[in-house]
Amino acid sequence: MDKIKRRLSFNKSSTKKLRINDFNKTINSVSSIENFPNEIFCEIFEYLNGCDIYSAFSNLNYRFQQFLNSSSFLFKIKFDFISNHLFLKNYKHKILSLDLWLTFHIDKFFSSFIIDSSFDRLESIILPRIKQDTLLLVLKKLIYLPRLFPLSVSHRREKVEKRVKIFTFMHLRLIFFLILVLTIYAQEGNFPDCKSGPLSTFPICDQSLPSRQRAADLISRMTTAEKITQMVTTADAIPRLGLPKFEWWSEALHGVAYSPGVSFGGDLPAATSFPMPINLGASFNMNLVYRIATVISTEARAFNNEGRAGLVFFTPNINIFRDPRWGRGQETPGEDPFLTSQYVYALINGLQRGDDERYLKIAADCKHYAAYDLEDWNGTDRFHFDARVSDQDLIETYLPPFESCIRDAKVASIMCSYNSVNGIPSCANQFILETIARESYHLDGFVVSDCGAVSTIMNTHNYTSTVQDTVAVALHAGTDLNCGDFYSKYTQQALDNKTIIETDIDKALERTFNILLRLGYFDPPEQQPYRQLSKVDVDTVESRQLSLEAAQESIVLLKNLNKVLPLNINQLKNKKIALIGPTANATELMQGNYYGKAPFLIDPITGFQGVTQGYSINITFAYGCKISGDDQSGFAAALELAQSSDIVIFFGGIDQSIESEGHDRTSIALPDIQLNLIKQLEKVVRTTLHVVIMSGSGLDLSYVRDSNQCGSLIWMGYAGQTGGLALANVIFGQYNPGGRLPITIYPASYVDAVSMFDMQMRSSPTNPGRTYKFYTGQAVFEFGYGLSYTKFNYTWYNDSTNSIFSIKSLMKNNYDEKKLRIHLYRVNVTNIGEMIGDDVVLAFVTPPKKSFNDQTPPIKKLFGFERVRLNINQTVQVFFPLNINSLLTITSDGSKWLEPGSYRILIGKQHIHTIHLQGQPARWS
């Protein structure tokens, strides 16, 4: 701590940039923010006073949340510091961080204040410094907090009022807010009234008219000031027109999730919490993805009908997981553009389409457009990062999922990202927003900024110098909706100095209101099936079963030495099984990030106990160690338990303190504390050790892979509400694992070989290449790797092992590269093992090693996959169409070419066919 004090004191005269960089180093040197004495916190914030601390607080975010989550905060050990040095200072970015934190942790935060009757501090210190929108959300949560008030809403209201009245007259303002919130909640004012309201006689309510005409007419009736209020995600009500307040920002990454537009409570205390997208990628089952999306959209609509969610959900994240250090890779289905494209197509269809084709079920939002995959690394955060991407990588890797989302799945909106792309901030980038998204991909919807991203155009990227110019470049680029308040603050100024005209505003609003019309926002509820969904459609028996199915399908068996798994439950009577490690009792950890309130969370311990119930098997647990750090105080108890147990399973991995939004990793090794415990456990176990890893990204597990003392290794990602039961079912053979890795697991040395700033996919002297398509090193585990308890055999129908095509003849059919079929492969898959199981059949094409237009062609690339379930001795036929786009070469300028050479077709690793293209290279597009 003295060293930190000296560092802070010494640099107080430094430039802002140096001070922020120094702050980043300082804060990262501390293992736990809870270890900071109050005076160190005070010095840090005083040290930053006067700086632009946007990036500093981004870097601090995950530690800041750890501090707020800590018991010391909840029990007010550090409350004097919090009140005097955090909330009372006018640091807008700290208050922003508090708002975001409150959105996700209101229950925990306010329970402490209710319990110790600290309403005086709550009202006098904190409430005035929280944004009004967050305050209303807080108060809603306060009323509907079942743990504190397990009564009806009316009774909770009475209880809260009685509690508040204990205090002084000054608290009448809080009572007023509580009553106001309850009154609002009791009303059905979430939709405009087209029957008898102010809009009822206007074209907006005339269903016979085209939606764009209806939207344009409504916008024409707004004043300029009213229009501006509709340009941000928290859009104000316009009472004279009968327009209620509308919150555009809701979340549903893998289930309805905490966000400004979503609240849990009352008749809707929870929503189904499915596995994270990285798990769904590991399932390689797009039908499963579609079914999950259908449940999510059903529950989202039910929440909306009860006034507990919006209609627009900022999901999915379809950025490519190009670097294993990225903190948000867990939100994506993996590293492959083809897999991600298939995933987003299935997902968007499940989210937006349903039984009534007249309306969108909900409006989805593909993010983050474009080339976004860095949070905060080596002193540069996402708000400052300029992604330098070649045209080749942009077309080949970074954009295909967005093309599928926009052109094929017809998503309602996309989100422009924080980063710049080749020197231009994404939300000001007319080329990617207008030229590519609208003109090339035919986006029929709106563009929303990531939250605060319009302001970063000027404040962090320094692309503009005035607020008026910032509004102008964003609007002219095609950013229609501002998540944040930049448009609401400065659009009028931009109009006044003529950097924009009112038509620019109208165009943006027509796009957003057109989506509201397509959602049925202005149409009678009785004619809309989606408006009839209710609490009975949430957390159903079917959705619970689907969450279990998804968790099971996503589990990847990476090692099974001498078939030590599955455990035979019938041979374990009166045996002791020890579950050891920091993730054995994981609950919320299994939800990853962007999660909501789950109806239940089955941790591994509970899952094991449930599966073994009635078999006289003793399930025991020892923590052993934390996720990270160097505290070995739990080793002795863990080793003692291991010595006395018949079977030992180690549960390790990482958590959101290591990988998360705003926080990239610096190491991809298994934390040393866990590896040390594994090595010591190996010395005392009676049988080989089993290892289970929870993570949303790759860890170097080469030691576990190579150790003869580790009999099995399982990766289970973040498996959602039933993750523990799914794992137990796999361990005991009640489910045969069939998941495959959707990422490459690299050796720990990979992070020393390439900078996160290097966006290049192909290898170079400073880059060993990225993903299975271009990585030139030896992977710990390859993309697509995964074992089963049974065996499968492949055979295929081919007239010959070679086919010859003329490039000239293929060019005559130059239209849609995704639809022009070259060959249809029929593969027979047979279960030749002793257990029913799933197989994921992967189809790759290996292009010629030498290319006329590409110095480094892909090693191979995925063009098809299918997951099939087979009984013992059953054979199933799967089909893989090979289209022309799988044979195209992407050149340095982004153009697509057909080139002569031999293209080898692989099913798994088996070479089954070769396509020979003959003739001169020809440009396809």
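Select β21 (861–870) to begin: with seven residues, β21 gives the most to the lining of the second largest pocket. A pocket here is an open set of points on a 1 Å grid over the protein atoms alone, with protein on both sides within 12 Å along at least five of seven lines, and its lining residues have an atom within 4 Å of a point. The model is predicted, so to speak of local features requires pLDDT of at least 70 and side-chain atom pairs count only at pLDDT 80 or more, while totals for chains, interfaces and linings use all residues. Residues are numbered from 1 along each chain as its sequence is written, and side-chain values use heavy atoms, with hydrogens and water left out.

Next, show the whole pocket. The lining of the second largest pocket consists of 48 residues, and Phe338, Ser341, Gln342, Lys818 and Asn885 lie nearest its centre. Other elements that give two or more residues to this lining include α15 (286–305), α16 (337–352), α19 (430–440) and β22 (875–883). The space in the second largest pocket is about 1400 Å³, where a volume is the space filled by probe spheres set on grid points joined across faces, edges and corners. Colour the lining by class: 21 residues are nonpolar, 12 polar and 15 charged. In this scheme Ala, Val, Leu, Ile, Met, Phe, Trp, Tyr, Cys and Pro are nonpolar, Asp, Glu, Lys and Arg are charged, and the others, Gly among them, are polar. Domain 1 (369–522) and domain 3 (792–924) each supply at least three lining residues; the bounds come from an automatic or database domain assignment.

Now select Pro847, Pro857, Pro858, Leu888 and Thr889, which lie nearest the centre of the largest cavity, among its 17 lining residues. A cavity is a set of points where a 1.4 Å probe fits but cannot get out. The volume of the largest cavity is about 110 Å³, and its lining has eight nonpolar, three polar and six charged residues.

Finish with the backbone. The peptide bond from Lys367 to His368 is cis, with omega near 0°, and His368 sits in strand β3 (residues 365–369). Leu565 and Pro566 are also joined by a cis peptide bond, with omega about 5°.

Definitions and conventions:
Helices (H or I, at least four residues) and strands (E, at least two) are DSSP runs, numbered from the N terminus.
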